[in-house]
Amino acid sequence: MNDEALLSVRDLRTTFGSSLTAVDGVSFDVRRGQALAIVGESGSGKSVTMRSVMGILPRTARITGGQAYFGGRDLLAIGDKELRKIRGREIAMVFQSAMEAMNPTLTLERQLTEHLIWHGLCNKAEARKRAVRALGDVGIPDPEKRIRTYPFQLSGGMRQRAMIAMAMVTEPDLLIADEPTTAVDVTVQRQILDLLKGLKDRGTGVIMITHDLGVARYFCDDAVVMYAGRVVERAPMASLLDDPRHPYTVGLLGSSVEVGGRELALRPIPGSPPDLSRRPVGCAFHPRCPRAELPRCQTEQEILTIGPDRDAACWKVTVDA
Amino acid sequence: MTATEGISAAAGESEQAERAARGPLARAWSRFRKHRLAFGSLIFCSLLIITAIAAPLIAPYGYEETDIQHKLAGPGSEGHLLGTDLLGRDILSRLIYGLQTALTVAFGAELTALVLALAIGLLAGYLGGRVESLLMAFTDVMYAFPSYLFAVVMVTVLGRSIFALVVAIGIASWVTQARLVRAQVMTIKEREYVEAARSMGAKGSTIAIRYILPNAIGPILVTTSFAIPAAIAAEAGLALLGLGVQPPTPSWGAMISEGSRYLLAAPHMLVAPAVLFALTLLAFTWIGDGVRDAFDPSGEQR
């Protein structure tokens with residue numbers, strides 16, 4: 001599995017300021033044509049993880065450890081100049097809200113072609129052709145005409161699709177989608193997910209950052225569940241939904257409105273995610289965990305292999321087995 | 001200009017297509033045109049600018065030319081529409097050349113201020129860190145220094161030339177603008193589209209110029225358009241203090257100052273420059289109002 005990984009992140013550690021560890025030893029792999037969901041509440045470190053890999057962290061953040069192998073290179077070690085050649089060309093990112101993520105002063109044409117030209121992929125005329133094709137591919141009617149408009153002149157759904165076209169126009173190997181459906185209507189959600197699924201089926205690796213397991217299950221093959229900057233469970237999507245092992249995953253599924261077509265009674269997880277500057281000792285979830293046993297849960301818990309392709313960071317899981 | 005291109009490209013097409021072809025600047029321009037007072041002022045000021053440029057063609061006399069027979073002639077007297085001054089110089093001609101001085105100083109100073117403010121504000125806001133601390137500390141020191149006093153010192157050091165006035169007034173007014181630019185940049189660089197541009201592999205300079213600057217330009221243009229009348233007033237103020245351009249080069253401030261001394265004997269010497277000065281300031285300020293409204297997002301009509 002490791003040898004065919006498109007992106008392979010190992011023990012990634014990212015800190016803010018001097019003491020706040022937002023990402024703490026995260027590892028995962030993505031293959032071509034695979035969709036991986038990174039699931040967690042806000043503040044769990046899922047977005048920081050992907051921004052670390054992309055090298056677009058805010059200035060106050062530092063990557064303090066780990067590797068991220070992509071096409072034989074360690075993205076964390078090659079430096080910003082090299083990384084810039086990969087960003088947008090081999091790895092592209094789709095953001096939560098196209099309203100926010102598109103420059104209001106540039107036409108779609110500029111926004112869809114500029115990075116093709118920065119990366120020296122083609123000339124202006126060819127770039128325009130590719131941009132029009134990309135807009136057509138994401139289902140924007142009359143792309144020849146639409147390409148001359150500004151983002152605010154499009155409807156929300158079209159804007160979101162235009163943003164995906166923007167990411168796809170360079171034909172990247174890996175697409176990172178950060179909550180791509182959170183800011184759009186339910187009707188648009190489905191279209192966006194279908195688009196991403198189409199890309200995956202054509203061999204693009206997709207990483208989907210989401211807090212919504214319902215969205216993740218739609219096309220993701222595997223899932224990584226994060227809590228307080230660490231991976232707490234890693235499993236194929238189907239087995240995660242059928243048989244969640246980590247108490248946090250169980251809680252997360254219980255608080256989703258609808259998963260797998262079954263209506264579940266809402267059982268929100270009590271409490272709120274920890275303040276990362278005052279992370280609880282041992283398992284960070286234990287203060288909210290219905291199955292916590294002290295003092296055992298106050299000791300650090302390594303992630304445990306609990307089955308084929310399955311890991312979880314909870315000692316209870318082995319006790320159950 | 002982008003604004004006019006956007007308009008003309010869209011002319012003749014349907015309303016929908018017209019909207020599609022218009023960028024943010026074009027939209028600001030169309031809002032500006034609907035502001036009657038501002039648009040009227042723009043026409044007035046354009047005429048002033050043309051007059052200033054074509055001064056030698058328009059002015060009936062040279063600004064130094066004296067008509068010794070007709071000293072202190074009243075307005076409407078033969079050959080002198082607005083009369084003459086103490087030395088028999090034609091007041092209309094001196095007003096027209098004074099306009100040249102006023103506009104050269106004002107536009108020169110504001111251009112200087114804008115370039116300085118953009119450079120320093122963009123660098124500080126975008127780079128952050130130590131560069132920002134240094135640049136902003138420098139800006140704060142300048143800000144703490146009374147700008148008028150600074151202009152007085154500059155003119156004294158550099159001499160009473162137009163260049164000295166441009167430098168003095170420009171340097172006195174870039175500070176506020178630099179702080180504004182930096183504040184704008186700091187807000188805009190947190191926007192998701194800047195992050196998106198980074199995620200697409202944009203260079204720092206591309207981000208600063210293509211992504212941050214165009215989105216910050218509205219408020220900056222607004223302050224600049226209000227700074228122009230302020231600079232005209234500053235030039236006149238310095239002239240009033242006797243620190244304007246070296247005579248005999250005419251300056252409205254100097255003309256007003258001189259006229260006020262002969263207020264009872266020859267009121268036309270004061271009235272003409274004072275009225276023109278007031279009208280000019282008002283017109284430039286109204287343009288500023290129009291620019292502000294044009295960039296005000298709450299006035300946005302889709």
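Guide: A crossing is called right-handed if the near helix is turned clockwise from the far one by less than a right angle, and left-handed if anticlockwise. The model discussed here is a predicted one.

Visitor: In which sense does α7(A) pass α8(A)?

Guide: The crossing of α7(A) over α8(A) is right-handed. Residues Gly156(A), Gly157(A), Gln160(A), Arg161(A), Ile164(A) and Met168(A) of α7(A) make the contact with Val188(A), Gln191(A), Ile192(A), Leu195(A) and Leu199(A) of α8(A). By class, these residues comprise six nonpolar, four polar and one charged.

Visitor: What makes α7(A) roughly parallel to α8(A)?

Guide: The axes of α7 (residues 156–168) and α8 (residues 186–201) of chain A come within 10 Å and cross at roughly 15°. Angles under 35 degrees count as roughly parallel, and therefore α7(A) is described as roughly parallel to α8(A).

Visitor: Turning to chain B, how do you know that the length of helix α7 (residues 129–144) agrees with what it should span?

Guide: The expected span is 1.5 Å times one less than the number of residues. For the 16 residues of α7 of chain B this gives 22 Å, and the end C-alpha atoms are 22 Å apart, so the two agree.

Visitor: Why is α7(B) said to lie largely in the open?

Guide: A residue is buried if 20 or more other C-beta atoms lie within 10 Å of its own. Of the 16 residues of α7(B), one is buried, so the helix lies largely in the open. For chain B as a whole, buried residues make up 42% of its 302 residues.

Visitor: What secondary structure does chain B contain, and what are the dimensions of the box its C-alpha atoms fill?

Guide: Chain B has 13 helices and zero strands. Its C-alpha atoms fill a box of roughly 75 × 50 × 30 Å along the principal axes. Among contacts in chain B between residues at least 6 apart in sequence, 64% join residues at least 24 apart.

Visitor: How many residues of chain B are in contact with chain A, and which helices supply them?

Guide: Contact requires C-beta atoms, placed from the backbone, within 7 Å of each other. On that basis, 20 residues of chain B are in contact with 24 residues of chain A. Helices α2 (15–21), α10 (192–199) and α11 (204–240) of chain B each supply at least two residues of this side. The largest share, six residues, comes from α10(B). By class, the side of chain B that touches chain A has nine nonpolar, five polar and six charged residues.

Notes
Residues numbered from 1 in each chain as written. Chains lettered and ligands numbered in written order. Predicted model: local features only at pLDDT ≥ 70, side-chain atom pairs only at ≥ 80, totals over all residues. Contact = placed C-beta atoms within 7 Å. Helix = DSSP H or I, 4+ residues; strand = E, 2+ residues; numbered from the N terminus. Nonpolar A, V, L, I, M, F, W, Y, C, P; charged D, E, K, R; others polar. Axes fitted to C-alpha atoms, helices over the stretch in contact; angles between N-to-C directions. Parallel < 35°, antiparallel > 145°, perpendicular 65-115°, else oblique. Buried ≥ 20, exposed ≤ 12 C-beta atoms within 10 Å, placed from the backbone.
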